[in-house]
Amino acid sequence: MTDKEVVIDCRNVVKTYGSFTALNDVSTSIHRGEVVCVVGPSGSGKSTLLRTCNGLETIQGGTIEVLGQHMPGTRKELETIRRRAGMVFQSFNLFDHMSIRENLVLAPITTLGLDRSTADQRAQDSLDRVGIGNQIDKYPNQLSGGQQQRVAIARALMMQPEVMLFDEPTSALDPEMVGEVLDVMRDLAAQGMTMAVVTHEMGFAREVGDRILFMADGQILVDQPPDTFFTIPTDERLTTFLSKVL
Amino acid sequence: MNFDFNVLTIHYPAVLDGLLVTLRICLFSLLFGVIDAVFLCLGKLSGRGAGYRVSVFVVDFFRTIPEVVLIFWIYSCLPLLFGARLSAEISGILALSLLVAANVAEIMRAGVQSTNPGQLEAAMSLGIPAHTIWLRIVIPPALQRMSPAFVNFLTELIKATSLLSTIGVAEMVYQANVLGNRTFAYVEFLTLVAAIYFALIFPLSLFVRRAEARLVAQKCR
Amino acid sequence: MAVLDELIEISYGCAVRVALTLTLVAVVAAGVWNLNWDTVLNLDFTGLWRFRVAIVKGFGMTLALTAAAVLCGILLGTLLAIAMQVRFRPLQWLVIGYVETFRNTPILVQLIWIHFALPVITGIPTTAIVSGVIAIVLQASAYFSEIVRAGIQAVPKGYWEASDALGIPVITRWTHVILPPAFRTMIPPLVNMTISFFKTTAILSVLSVGELMTVSGRISNATFKPIEILTLVALIYFVFGWLISLSARKIETAMANREAWR
Ligand SMILES: Nc1ncnc2c1ncn2[C@@H]1O[C@H](COP(=O)(O)OP(=O)(O)OP(=O)(O)O)[C@@H](O)[C@H]1O
Ligand SMILES: [Mg+2]
């Protein structure tokens, strides 16, 4: 994989909240086409790492490069990077006062300058891709949790992102809806999307991930491909963690 | 005693004149007040600097002093300080505009600051430009959330217009007093005026109650 | 909220700040330019010193009226709220009619009605202070009953069911099960209402009941200098009201901390 272009590159990243260190000297990189899953106990800094990569958190030390662009950069540069990197949140964060269609076309029309009909067409395509093409004129609160999360993925896809960041996309869902969202993500991975996925779904990580990162206390303790990650645990805390979640 | 409808049928046009003045005062003080409120709200949202500190003080000050004090201060002090003559009605509109500005600024600020941070993050992560985020993501739901508090304040404003009778503005209460003095039919005129206020304010109160219940239901879902 | 602050920063936050400051400077400059310096230079706040006793007495009256409104208001308001819970339709309609009448008409109208119209009906004249207290207490009871009602409704259904299941007598149920937690959730709105009625007492000055606003009117009539006394009175009201809301915020955070402890 190392011959491929680097999409996200974190070097010695430090993130603090007051006196609390959420990310402590974190270095890692993600290459084009790679699917990297991030696991670890609650509060270990997984979300924080992902959010710094999208400029939603400022960092106190180290450097982050996304798509060859230094973060956060100027306001325009940051906006451009955010358009090229899609983000999906645990709590969906759909715009409740807009229909699904408006949720999807708002960003491409206002940022990429798409005209209405192209945007509508692209919205239909994105929704078809996540399997809910018939829901386009509903409002978010008329959909189930799993459907809402798929709309959120479709909304990110509208910008035709080069990399997608998922922050526990299935944690807020009822168990029976987890599968439908994971299926969509599996398809994306199969189509070659570069993805960073924070998740508690070990089965998904094992099956889809090219690499799995284990985080604890703001550090990446383990970075292994799935087969060795689960079978040859090199870290004591990972062993404890796995014994709890598996 | 007997409730004398006769006196009402003779003198009701004066009460209606008063009603017109009441409504006119509400309208103008809302108009001027809301414009000021936008500035004060911007000041409070801006978070630091002179504009912020002054806005915070102005909002707190005019929300904390009694309306009558404000009305009398404007009516009797402003002309002395600036050497300009103001009619009672203009003074009243000025005082109530300040009342509107402070209260509506606070309502707007609360509306904006209760924006769902997750939706803001989603909008930012899509790279949507700032002005679009304000116009499409922040303001429309904020207006909706703010509507009960705003209408509730509207009821307070209508009630506050009655206080302008104390500086001689010829609104409803003033007219009722004048007519009462002239005909000794205090009960009739005061009751009529109370009923008119009730008819103006009660529907708004009902709206507030419904809208609040709706917002609570939305939050629980 | 961090994201909102970021949005404000990238929305030309700096430019807005500068523009607001410039507007402020312009407004102040225009004000100063148009000031009538004769009046300003002749302002004499020290002259108010000889009215200190009257001012303090007036403010004492204001506080007494506020206390009367709040205490009687809470008491009557609680009774009204309990009456609303009694399953007897005519009583409920009566309470609703009372509460809505006093909430949806101006206190000034109620005040004049009670002072001038009520004696015509009852034949019993009331003094200004009696009319004033009646009016403010009646309105307070209507407003406070709404707060108490909301507080009672916030008590979980399980409390009612549990006290029924345990066979707790009606009075004990109210005094020990329902009202204590209800009052705890009511503290913030109660304090806001207290500030509101603190302001309302000034309206009673139309009947010259002798509270701070009445006193200031007398002083300004006696001295022909309204600016000094009205400004002082406005500041007194502001500082005191601000102190109440400050203590309210203290209580709220203290309560939040206590909740967190449990
Ligand atoms: N805004 C903030 N202010 C202060 N501390 C914060 C803030 N955001 C996160 N933290 C702290 O940073 C640490 C890492 O948080 P983060 O959300 O990244 O954890 P996580 O690994 O995603 O956990 P989870 O699995 O529960 O989502 C936590 O201890 C959290 O308390
Ligand atoms: Mg997280």
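Predicted model: local features only at pLDDT ≥ 70, side-chain atom pairs only at ≥ 80, totals over all residues.
A residue is called buried under 20% relative accessible area, exposed over 50%, and partly exposed in between (1.4 Å probe, protein chains only). Residues are numbered from 1 along each chain as its sequence is written, chains are lettered from A and ligands numbered from 1 in the order in which they are written, and side-chain values use heavy atoms, leaving out hydrogens and water.

| Residue | Phi | Relative accessible area |
|---|---|---|
| Q160(A) | near 45 degrees | 55%, exposed |
| E168(A) | near 45 degrees | 11%, buried |

For Q160(A), phi is positive although the residue is not glycine, and E168(A) also has a positive phi without being glycine. Chain A has a cis peptide bond too, from M71(A) to P72(A), with omega near -5 degrees.

Now to where chains C and B meet. Here 52 residues of chain C are in contact with 59 residues of chain B, contact meaning heavy atoms within 4.5 Å. Together they bury about 5,000 Å², 76% of it on carbon and sulfur atoms; buried area is the accessible area (1.4 Å probe) that two parts lose on being put together, summed over both. In chain C, N104(C), K199(C) and F238(C) lose the most area to chain B.

The two chains share 4 salt bridges (a side-chain nitrogen of Lys or Arg within 4 Å of a carboxyl oxygen of Asp or Glu). One of them joins R48(B) and E9(C), with the closest N and O atoms 3.8 Å apart.
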